[in-house]
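Dear colleague,

I am handing over the structure we spoke about, and my notes on a sheet and a pocket follow below it. Please read them with the coordinates open beside you.

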Amino acid sequence: MEKKLSRVANTFTPSPIQELSHLAQRCNAINLAEGFPDFPAAPAIKSAAVSAINSDFNQYRHVQGICELLARNAKEMYGLEVDPDTDIAICCGQTEAFAAAMFAIIDPGDEVVLFDPCYETYEGCIRLAGGIPVYVALEPPHWTLDAEKFMSSFTGRTKAVILNSPQNPTGKVFTWNELEIIAEACRSRDCLAVTDEVYEHITYDNVKHVTLSLLPGMQQRTIITSSVSKTFGVTGWRIGWAIANPIVASAIRNIHVKLTDSAPAPFQEAALTALSSGPDYFESLRRDYESKRDYSIQLLTGIGFQIRFKPQGSFFLFAELPESSPLSDVGASLALTDPKTKVAFLTLIIPCLLVLMVQVEYVKHLIEQAGVVAVPGRGFFHFNSVSSESEESLSACHDYQKRYIRFAFCKSSATLEAAAQGLSELVDTKGCLNLPPPCKTDT
């Protein structure tokens, strides 16, 4: 039956993040892999959803009030003028909004520039639309943008730039100067920008999120995508949106209708309550996540991980293995002592982690010894398919890509404390992280 699949379907593999999350559930491990809160959403928001269901808001529906609230919030937060009748498309989460945006603007052969490391969904949507992703590596450890490298990524086929800020997985918030570089490139090359701003309210240390649309000439060429998922802790509701100029917004809306018809009606109604939240809610949200971030940094650095870049936003830590820790070989042993963990690991994880084998040994060790599931950082890095350099030479130049593991700290205090207890089992008598040595393979 594989011959019946489309060419693009044959290039897709299971999501390592979701598979690791499934593994955590099956092994009863602590899930620091997937970015969803494990604590309750605000009571008022949940009550609004229950009330909507009981009031029979259960059929196809478009809740125009969401658009009106989004337009009001854009004006109050950023000074943007957004027409709620023409400039907004409500979708099934940010993921569908982003996918619909790609289908609306990308033709086969168009190139799309992304900043690397980046979230896994973007490439899939670009390829489904027939586009070609072109990755521009941010410079570690602070993930800075190299203007020259960025500008050299543009060709006559470049159609759009993707910007995720605050960023997953690094927690980087792009600076005003970096945004100016991106905006100038879009203006001079007549390109569109598509932003993922789901973490816009989750920033730390007085760092402020700035939407690219604010820069001169950018509102008409920027598609903003976002959702209620991260800000309000309801990742399962699937209420998102795209904000764009009327022509693009209309195209996204038409594609959304063809794909899913409408976002979940009762959760659209409940989103009205969420989006009406006052400043106190957002300040409490920021303060709570900043505390969780600081606790997680203290935890991971205390057992030997390096955090050379303190996340400025989002709720992920991109932790680096200690410089003294060896990298496991590609042929690392995958032996697990616990039979249930071994079966789950082999059946769920191995098929989608073949390209991440250099970090599998560490992830396995975290699962087996600490009962904690995290994500190998290698899955967030990419090679350009159009590069003239070989993958081997590129890998040699970017060995740092093998040294990162992503931890999600959007968890309850009880979960983080349990993770701390489990991770403490990895510390030796000298207080150092006791990671496994590299396993030798036959040559």
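Please keep in mind throughout that this is a predicted model. I begin with helix H10, which spans residues 279-302 and lies across strands E9 and E12, running at about 15 degrees to E9.

Those two strands belong to an open sheet of three strands, in which the order is E9-E12-E11 and the pairing is antiparallel. The edges are formed by E9 (316-320) and E11 (375-376), each of which pairs on one side only. Between E11 and E12, the latter covering residues 404-408, the antiparallel pairing extends over two bridges, and Pro376 has Ile405 of E12 as its bridge partner.

H10 also takes part in the second largest pocket, where it is among the elements that each supply at least two lining residues, together with helix H3 (64-78), strand E7 (222-227), strand E8 (240-243) and helix H9 (265-275). The space in this pocket amounts to about 740 Å³, and of the 31 residues that line it, Met77, Tyr78, Glu200, His201 and Phe282 are the closest to its centre.

Which element gives the largest share of that lining? It is H3, with seven residues. Sorted by class, the lining of the second largest pocket is made up of 14 nonpolar, ten polar and seven charged residues.

With best wishes

Terms used
Residues are numbered from 1 along each chain as its sequence is written. This is a predicted model: local features need pLDDT of at least 70, side-chain atom pairs count only at pLDDT 80 or more; totals for chains, interfaces and linings use all residues. Side-chain values use heavy atoms; hydrogens and water are left out. Two strands pair if DSSP finds at least two bridges between them. Helices (H or I, at least four residues) and strands (E, at least two) are DSSP runs, numbered from the N terminus. Contact means heavy atoms within 4.5 Å. Axes are lines fitted to C-alpha atoms, for helices over the stretch in contact, and angles run from 0 to 180 degrees between N-to-C directions. On a 1 Å grid over the protein atoms alone, a cavity is a set of points where a 1.4 Å probe fits but cannot get out, and a pocket is an open set with protein on both sides within 12 Å along at least five of seven lines; lining residues have an atom within 4 Å of a point. Grid points are joined across faces, edges and corners, and a volume is the space filled by probe spheres set on the points. Ala, Val, Leu, Ile, Met, Phe, Trp, Tyr, Cys and Pro count as nonpolar, Asp, Glu, Lys and Arg as charged, and the others, Gly among them, as polar.
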